[in-house]
Amino acid sequence: MTFLNIPQNSFYAMLAVLGLLVIASCTRLFLSAKNPNKDYTELRQRIQSWWWIIALLFLVLAANRITAIVFLSFLSFLALKEFLSIVPTRLTDRRVIFWAYLSIPVQYYWVSMGWYGMFIIFIPVYVFLFLPMRMVLIGDTAGFIRSAGVLHWAVMLMVFSISHIAYLLTLPVKNVDAGNVGLVLFLLFMTQFNDVCQYIWGKMLGKHKIIPKVSPNKTWEGFIGGLLTITLCAGFVAPLLTPLAFEYGLGAGVIIGLAGFFGDVVLSSVKRDLQIKDSGSLIPGHGGILDRLDSVIYTAPLFFHFLYYATY
Amino acid sequence: MNRIIKILFFALIIKPLVLIVLGINLRGREKLPVKGPAIIAANHNSHLDALVLMSLYPLTSIHKIRPVAAADYFLSNRLLAWVSLHCLDIVPFNRSGHVDKDKLFSGCHQALDNGDILILFPEGSRGSPEKISKIKKGLFYLARERSDIKITPIAIYGLGRALPRGEALFVPFNCDVIIGDPLPDAGDSTVFIKNISQSFAELFTQCLTRHSDK
């Protein structure tokens, strides 16, 4: 059964997410009514931005596969731009960076045509070798090594990793009740829910810091609590939204919990190195787009390859 | 008619370009002067500077925002002059040095009397990418005669990478736009220039993209 083109399980999952947002908005209204003197601007902006993000995402997912792939390629563009704007680059690399941007439409074209072999090697092999070739032709050798490293890291994180979300939409459908939209919903929801769970467990029980130098608010209690919650949740939700059975769902949950944590702290380390708090100001209440995509950059490829190995 | 051309130019070309392809990290939005007469003093590294600052304003008030621009450059050929006068509605400024001080600012005074918001670049020229050039005294002479008008300093960073002087290839980069508190009154030009330099230096510390140049 499908509603508005969306297979039923995915449709119910979307309704559940909208339900959570309604609860969040109501809670915020209740809080500001109860404590009129407290400033809830940031919480309000944050929830409002969530509404926008979810609305946009659900619209493109409901539209069709190509629209969703174009949308995700645009996310890659915004993420790559934000990353290259904050990390050290040389003025002489402008033309090389221009080519790095061009890798986005090409990579997503492989995704849209379902050419798996090319999708998986285009950035790690061709772009990896090509960008330094272009740099050599410009000929500025001062800072060459660092620059080549930064650029390759940038396209791997922002183009290669994020394009795995899009390739989930291109895989053959194995769970008819959820469709491929279910895979994307599962990945994104579990990743974001993991962030929330780690935060909540950390607030409730957090005592022992994991990596105080990078992220003073991250604790072992939050990390383990979040990981267990997500693992259990993923076990139960996976059979509904993905082709994975319960025990494989648990595996996916462990992967998302671990990878989500590391994605978060890896991007935190980048910001700490640059001595900035947010990577941009695109999303009110959240910061830049990387502040929202940090965990997904790590969970997307790892979940994808787990799924690919287990079912395809 | 000019107003319509300017609105279309910003709605269809400049705003999508600046807000989507380029991207702005904006700080201190609430300090942006919304009603004229007012003066915005910004640092200058790229042709995009004025376009980015104008894009901060809604289309309904965009006709009130007018960049002060060098006549010798922007009116140098017919196409550029048409775009400058109709799409951007610049206040032409003669920087050759052959004009009387009183007449030099007559265009600016007229615009301020009209309730417009002027965008001025006190360095007088774009200079080298991401470097502040020496601040000229011109703005001080204008400010001295209009002590009633607020001058809001705005620091822009990152556009020198997106489109540096002498380059035709546009490469997308987020830029920082940091809006500061209005400048205090100053009795003489040295104090004035010191104030504005200090303000820029303070605003630059809030940039997100400043570490990206090494």
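Is D89(B) buried, partly exposed or exposed? I looked this up and got 22% relative accessibility, so D89(B) counts as partly exposed. My cut-offs: buried is under 20% relative accessible area, exposed is over 50%, and partly exposed lies in between, with a 1.4 Å probe and protein chains only.

**Ground rules.** I am working on a predicted model, in which local features need pLDDT of at least 70, side-chain atom pairs count only at pLDDT 80 or more, and totals for chains, interfaces and linings use all residues. Residues are numbered from 1 along each chain as its sequence is written, chains are lettered from A and ligands numbered from 1 in the order in which they are written, and side-chain values use heavy atoms, leaving out hydrogens and water.

**Backbone.** I checked phi next. Most residues other than glycine have a negative phi. D89(B) is not a glycine, yet its phi is positive, near 55°. I placed D89(B) in the loop between α4 (78–87) and β4 (91–93) of chain B. Helices (H or I, at least four residues) and strands (E, at least two) are DSSP runs, numbered from the N terminus.

In chain A I noted Q275(A), a non-glycine with a positive phi of about 55°. Q275(A) sits in the loop between α9 (246–274) and α10 (289–311).

**Aromatic pairs.** I searched the whole structure and found 32 aromatic pairs over all chains. Rings of Phe, Tyr and Trp (its six-membered ring) pair if their centres lie within 6.5 Å; planes under 30 degrees apart count as stacked, over 60 as edge-to-face and the rest as tilted.

I looked up Y116(A) and F304(A), a stacked pair with 6.3 Å centre to centre and 15° between the planes. Y116(A) is in helix α5 (residues 116–138) and F304(A) in helix α10, so this pair ties together parts of chain A that are 188 residues apart in sequence. Y116(A) is partly exposed at 21%, whereas F304(A) is buried at 0%.

W220(A) and F223(A) gave me an edge-to-face pair, 6.1 Å centre to centre with 70° between the planes. They are 3 residues apart in helix α8 (residues 220–241) of chain A, so about one helical turn separates them. W220(A) is partly exposed at 41% and F223(A) is buried at 9%.

I also traced a cluster linked by ring pairs: Y116(A), F119(A), F160(A), Y167(A), F304(A), Y308(A) and Y312(A).
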